Amino acid sequence: MTTMHTSMNTQHTILFKQNTKKMSSSRSRSIEDERAGAEIVYGAENCYIHSVKLLEELGFPKGVLPLKDLEECGRVRETGFVWMKQKAPYEHFFVGTNSKVSYGLEVTAYVENFKMKKMTGIKSRQMFLWVPITEMSIPDPKTNKILFKTPMGIAKAFPLSAFF
């Protein structure tokens with residue numbers, strides 16, 4: 001009975017590993033598919049220029065994503081998908097909003113004028129918790145306010161001047 005149980009566990013482990021490889025492989029393919037046809041730039045200086053131009057084109061102040069030591073930036077114009085890779089995670093304190101924000105190794109989003117949605121890699125410290133930021137937008141440019149949203153739908157607005 002022990003031999004049968006061990007044999008079944010071994011088969012289960014092999015199946016689990018195969019399924020894990022399939023999931024990992026399909027995830028890799030979806031990332032590759034998501035980035036297909038992208039404009040990609042490399043190097044800190046080129047990525048900085050690229051990211052500032054992107055923010056300006058979308059209507060955001062250039063200080064809203066103060067990423068450090070960028071290594072790679074990409075954009076797929078057809079889908080609006082963008083990414084920015086840094087050498088290391090980075091935390092930034094915004095004096096104008098009195099908030100600390102953490103940027104992961106990679107920040108991603110889908111962009112359109114005055115909006116970044118489905119964002120990943122950004123968290124804001126609120127009280128004692130790190131809260132993911134999944135969207136930022138400027139709903140009405142005349143108000144000079146920028147709105148940040150969490151996955152729970154909670155939003156907070158700040159003056160645009162806090163990010164120049």
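**View 1. Lys100 and Glu91 join in a salt bridge.** Their side chains come to 3.4 Å, N to O. A salt bridge here is a side-chain nitrogen of Lys or Arg within 4 Å of a carboxyl oxygen of Asp or Glu. Lys100 is partly exposed, at 34% relative accessible area. Glu91 is also partly exposed, at 43%. (Buried means under 20% relative accessible area, exposed over 50%, and partly exposed in between, with a 1.4 Å probe and protein chains only.) This is a predicted model, in which local features need pLDDT of at least 70 and side-chain atom pairs count only at pLDDT 80 or more, while totals for chains, interfaces and linings use all residues. Residues are numbered from 1 along each chain as its sequence is written, and side-chain values use heavy atoms, with hydrogens and water left out.

**View 2. A salt bridge links Arg77 to Glu39.** The N to O distance is 2.6 Å. Arg77 lies in the loop between strand S2 (70-76) and strand S3 (81-86), and Glu39 in strand S1 (residues 39-42), so the pair ties together parts that are 38 residues apart in sequence. Strands (E, at least two residues) and helices (H or I, at least four) are DSSP runs, numbered from the N terminus. Which side chain is listed at 47% relative accessible area? That is Arg77, which is partly exposed. Glu39 is partly exposed too, at 34%.

**View 3. Lys85 pairs with Glu72 across two strands.** This pair is a salt bridge, and the closest N and O atoms are 3.8 Å apart. Lys85 sits in strand S3 and Glu72 in strand S2, 13 residues apart, so the bridge links distant parts of the chain. Is Glu72 buried or exposed? Glu72 is buried, with a relative accessible area of 15%. Lys85 is partly exposed, at 29%. A search of the whole structure finds 9 salt bridges.

**View 4. The largest pocket holds about 360 Å³ of space.** Rolling a probe the size of a water molecule over the atoms shows where empty space is left. A pocket is an open set of points, on a 1 Å grid over the protein atoms alone, where a 1.4 Å probe fits and protein lies on both sides within 12 Å along at least five of seven lines. Lining residues have an atom within 4 Å of a point. Here 22 residues line the pocket, and the closest to its centre are Ser124, Gln126, Ile133, Phe148 and Lys156. Strands S5 (99-112), S6 (115-126), S9 (145-149) and S10 (155-159) each give two or more residues to the lining. S6 gives the largest share, 4 residues. By class, the lining has 15 nonpolar, 5 polar and 2 charged residues. (Ala, Val, Leu, Ile, Met, Phe, Trp, Tyr, Cys and Pro count as nonpolar; Asp, Glu, Lys and Arg as charged; the others, Gly among them, as polar.)

**View 5. Phe114 and Asn144 have positive phi values.** Most residues other than glycine have a negative phi. Phe114 is not a glycine, yet its phi is about 65°. Phe114 is found in the loop between S5 and S6. At 32% relative accessibility, Phe114 is partly exposed. Where does Asn144 lie? Asn144 is in the loop between strand S8 (135-137) and S9. Its phi is near 55°. Asn144 is partly exposed, with a relative accessible area of 47%.

Definitions and conventions:
Grid points are joined across faces, edges and corners, and a volume is the space filled by probe spheres set on the points.
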